[in-house]
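Let's walk through a few spots in this model, question by question. Have the coordinates open as you go.

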Amino acid sequence: MKIAQFNTFPYGGAATAAKRLHEQLLQRKVESNFYYRLNDKQIQLDDSFRCVEFRKPRSGVWGAIDKRLNRQREKTIHRLYDGHIAGRPDGLETFSMADLPEPTALDWAGINADVVHLHWMSFFADYPSFFNSIPDSVPLVWTLHDMNAFTGGCHYSGGCERFVSGCGVCPQILNQHSGDVSEFSFRSKRRALKGKSIHVITPSQWLGDLAKQSEIWPDGTTFDTLHYGLDLDLFQPVSKQQARLELGIVGEKTLIAFGAEDINCQRKGVQHLLPALTQLDDKSAVECLMFGSGALDVSDNLPHIHQLGYVDSLKRQALIYSAADIVVVPSLEDNQPQVGLEALACGTPVVGFNAGGIPEYVRPGETGLLAEVGDSSDLSDQIGWLVTHVDERSEMGRRGRMMMEQEFEKNAQSQKQVDFYEQILSGGPIRMAS
């Protein structure tokens, strides 16, 4: 069995989950190759990771025709981008088009996989050329890490349901109207996917329920949920004293941690977390750890914040989670944020908003606490309760670790994925094991 995994980057949240699966497949002696398009951070990778090579343009008369058609297509793409996407305010979630200026047809003869497993594909795949280059007979497994695969461009809809019927008049772009870039991209995706054998996997049931509503999928598409699998030997509890010593944090104050790929992304909710921290009853009793790209402008009203910057070392991430007494996941909309999962694996309870897939693993009173979405005061109350209830906090951390062992352990999750591949290739009934 030969699996070809595709993800735009070899780093970031989706890539982390995809790489974990890829490495587990290799350990199971499954032939897996991980194809990426961009490695801006120059992450060191082994030979099973490959920067994708697209098919070379045709030459002669057909090549000249292709060039002319592509110039026309480029004009349309640039017009839509300039009219609807360029100039959007900072802090908004990514918005990505289905069509890219340059074709991205795969050199299929060099890949020739039994199963194509797609992950986060924005800025990687020009939908028309990419999907046309994969034979219809090859099954496509698609693990969704956000909503983009089934919308006209947004990665999280913010409650908008236009993706159900085809998008258009998109609230996340400039100059919204019928036929705008969101509707153009939605139609392009639907055409590109027509006739394909697609098996959608979502890490959270919340995302799966949304995906099923979209008209983008071809007939026969299947939908299943498979939680992310974590290395629980890497993400495991370390004594708080040792973790803090290695991080250079002195003192015995209660530590509250928050992390994200981009800590200033509005969807990740730091604009609600900071006011929540200012409302804590005894700010002198706590300190904060924040990690991720970007920097915060902090005020005197806040507890002391250790800004650790972008942390790409998984071992160091595990130390952060173990050093913390509470990890906060204040996302306003999210699939299954791995910061929370990793924290629970390290025995640290999580406080989050009751949004997206977060309540599927933050179980109130058992593994953490939930606040009303966007309510900073309620978030502060939940954090404050855990600050003052040390024994209950410890018990939630213990139960969180136990939940991770039972439902999110990487070997069990990867075995379910292998079984799923085998079901697809055997032609039998297709259903992800629970």
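Buried here means under 20% relative accessible area, and exposed means over 50%. Keep in mind that this is a predicted model.

Q: Which residues of helix H7 (residues 240-247) are buried?
A: Start with the opposite side, where Gln-241 and Leu-245 are exposed. Looking down the axis of H7, the buried residues fall within an arc of 95 degrees, so they line one face of the helix. That face is made up of Ala-243, Arg-244 and Leu-247.

Q: What do the buried residues of H7 pack against?
A: The residues in question are Ala-243, Arg-244 and Leu-247. Their packing partners are strand S8 (254-262) and helix H9 (314-323).

Q: Is Thr-348 buried or exposed?
A: Thr-348 sits in the loop between helix H10 (338-345) and strand S12 (350-353). Further along or back in sequence, it touches residues including Lys-240, Ile-326 and Gly-397. Its relative accessible area is 1%, and the cut-off is under 20%, so Thr-348 counts as buried.

Q: Which helix gives the most to the lining of the second largest pocket?
A: This pocket holds about 640 Å³ of space. Helix H2 (60-84) and helix H4 (127-132) are the elements that each give two or more residues to its lining. With eight residues, the top contributor is H2.

Technical notes:
Residues are numbered from 1 along each chain as its sequence is written. This is a predicted model: local features need pLDDT of at least 70, side-chain atom pairs count only at pLDDT 80 or more; totals for chains, interfaces and linings use all residues. Side-chain values use heavy atoms; hydrogens and water are left out. Buried means under 20% relative accessible area, exposed over 50%, partly exposed in between (1.4 Å probe, protein chains only). Helices (H or I, at least four residues) and strands (E, at least two) are DSSP runs, numbered from the N terminus. The arc is that of the directions from the helix axis to the C-beta atoms. Contact means heavy atoms within 4.5 Å. On a 1 Å grid over the protein atoms alone, a cavity is a set of points where a 1.4 Å probe fits but cannot get out, and a pocket is an open set with protein on both sides within 12 Å along at least five of seven lines; lining residues have an atom within 4 Å of a point. Grid points are joined across faces, edges and corners, and a volume is the space filled by probe spheres set on the points. Lists of a residue's contacts leave out its neighbours within four places in sequence.
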